[in-house]
Amino acid sequence: MAKEITTRVNDYSQWYNDLVIKGGLADYSSVRGCMVIKPYGYAIWENMQAALDKMFKETGHVNAYFPLFIPKSFLSKEAAHVEGFAKECAVVTHYRLKNAPDGSGVIVDPDAKLEEELIVRPTSETIIWNSYKNWIQSYRDLPLLINQWANVVRWEMRTRLFLRTAEFLWQEGHTAHATAQEAIEETEKMLDVYATFAEDYLALPVIRGKKTANERFAGALDTYCIEAMMQDGQALQAGTSHFLGQNFAKAFDVQFLNKEGKQEFVWATSWGVSTRLIGALIMAHSDDDGLVLPPKLAPLQVVIVPIAKPGEELNKIYERVAPAIKELKAKGISVKFDDDDTKRPGFKFAEYELKGVPVRLAMGMRDYDNGTVEVARRDTKEKSVQQFEGIAAYIENLLNDIQQNIYNKAKSFRDNNIREANSWSEFQQLIEQPGFISAHWDGSPETEEKIKELTKATIRCIPLNNKQEDGVCVLSGKPSKERVIFARAY
RNA sequence: CGGGGUGUAGCGCAGUCCGGUUAGCGUACCUGGUUUGGGACCAGGUGGUCGCAAGUUCGAAUCUUGCCACCCCGACCA
């Protein structure tokens, strides 16, 4: 084994780091808290972007781009917003460097201090709403449905590759509407887009829900989320969609003239997913041999490994597989014929397993003579010998199978690890096991806070379309109408 | 910011306690050859300001002092 991967039972965090680094997704950088996304990891992000962007466009959104820098005064216009982000903002104070007098390098030029300091965006509500003020006058300008793909910076104290870094890539949608009802519908619609994306592409089952007041986005009236369960039983917030009410419209004085000729503040939403989804992908599906990528997002879906001496044997095999490669590509399936003769087949097998390539074909002279090919699927690690004739159609089906199987596996894992707690002692016992807890809660922030202090578990969400049932709060014993999801979270 | 730990070749480490030839091992990398159905083998080779700075000493990876960086745990969080 050239690349040792820590096993999950041994050290789950280290296993995760090993996959990210050894799988070639990302690298540590020399900048504290920041990572380098390597080509293979970035290719996954590009696939996510392509699928999401299409879904955004289909729901009527357009892309735009707003500045990286936000004047400090903008951030403080919405009280709750600044409160939530102030502690993690990077600030630009100067605009020039100069040579140090002692020749030791460059220093910040003290004469180049900015009149007003700039914040590197932790999110873009303020800079965007400052523009929206100029763009919206009438109900005819609404709704305004804009998304941007961007980087943001949040100066986190502790970072983890993909899951939490100081700088990360994401998309943020910012919409403006004439009525509260319409904005709420938008918020829900985009949550649904995220949930569909997570389930169809990431093969990740998610719980759609609402955040409690404690967990709400800074400046929102309501935060909706999708929550996923990782293999260690911890929760990961995979996407959020916020109903912002009129908070930002009021902070930036964005009013429109309605049909009755009356001025009204507009209603807002914002929603986002980030490169964190790559972390979710890894922690949800991968195993001790490496990444397991869902076919729909895998940068490479099929690899063909010839087992042959360079020269005549290799040529024969290539000639045999070439038409199939063409056929696969015509079906939109990415495929690579790995004829690198400096690496042996066994090495390649291990390497492509590490990288999570969903399907691997191997053909040696024995298969060549028999008219067969060995097919190995990454998700189950099953190998079978198939007739080469008609292999493209077989692979197309297999990829769909794999996508579905990965989802089913994650779903049954999740469903098997959601447990109901009906008393405080039961809760305390269950929280020490991996998984989510479904329990009654009295609805008060104080109780939620207390539970967090005692167990490190937070309320991940109040599921949408939640079953209404009478019960009593696990901690306070006060009456409750529905269960909420508790878990330890990333 | 508090507690703990680590800095020696791209990566992983030994050597440091008890100072002493030319700083070593595994892996990776390069060259040549033999190989190829699960991480090949043989031979040869490249690569080091021992985190930085000062000090002690005939002599420092090793001892002293100061500084820096990173990791882990906690407070904060998509």
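Okay, hi everyone. Keep in mind throughout that we're looking at a prediction. I'll start with the sheet, then go to the RNA, and finish with a pair of helices.

So, the sheet. It's an open one with five strands, and the order runs β18-β17-β19-β20-β21, with mixed pairing. At the edges you've got β18, residues 335–337, and β21, residues 383–387, each of them pairing on one side only. From one strand to the next, the twist averages 25°.

Let me zoom in on one pair. Strands β19, residues 359–364, and β20, residues 372–377, run antiparallel and are joined by four bridges.

Another is α12, residues 391–416, touching β17, β19, β20 and β21. In this case the angle is with β20, and it's about 15°.

A few polar contacts to look at. On the phosphate side, K309 puts a polar side-chain atom 3.0 Å from a phosphate oxygen of RNA strand B. On the base side, a polar side-chain atom of R360 sits 2.6 Å from a base oxygen. M365 uses its backbone instead: a polar backbone atom there is 3.4 Å from a base oxygen of the RNA.

Which elements give two or more residues to that surface? They are α10 (345–354), our sheet strand β19, and α11 (365–370). With seven residues, α10 gives the most. And the make-up of the surface near RNA strand B is 17 charged residues, 14 nonpolar and five polar.

Helix α2, residues 39–58, packs with α8, residues 276–285, at an angle of about 105°, the axes being 10 Å apart. Angles from 65 to 115 degrees count as roughly perpendicular, so that's what we call α2 relative to α8. On the α2 side you'll see G41, I44, W45 and M48, and they meet L277, I278 and L281 of α8. That contact has six nonpolar residues, one polar and no charged.

That's my tour, thanks.

Key:
Residues are numbered from 1 along each chain as its sequence is written. Chains are lettered from A and ligands numbered from 1 in the order in which they are written. This is a predicted model: local features need pLDDT of at least 70, side-chain atom pairs count only at pLDDT 80 or more; totals for chains, interfaces and linings use all residues. Side-chain values use heavy atoms; hydrogens and water are left out. Two strands pair if DSSP finds at least two bridges between them. Axes are lines fitted to C-alpha atoms, for helices over the stretch in contact, and angles run from 0 to 180 degrees between N-to-C directions. Contact means heavy atoms within 4.5 Å. A polar contact is a pair of N or O atoms within 3.5 Å; within protein, one must be able to donate a hydrogen and the other to accept it, and residues adjacent in sequence count only if both atoms are side-chain atoms. Ala, Val, Leu, Ile, Met, Phe, Trp, Tyr, Cys and Pro count as nonpolar, Asp, Glu, Lys and Arg as charged, and the others, Gly among them, as polar. Angles under 35 degrees count as roughly parallel, over 145 as roughly antiparallel, 65 to 115 as roughly perpendicular and the rest as oblique.
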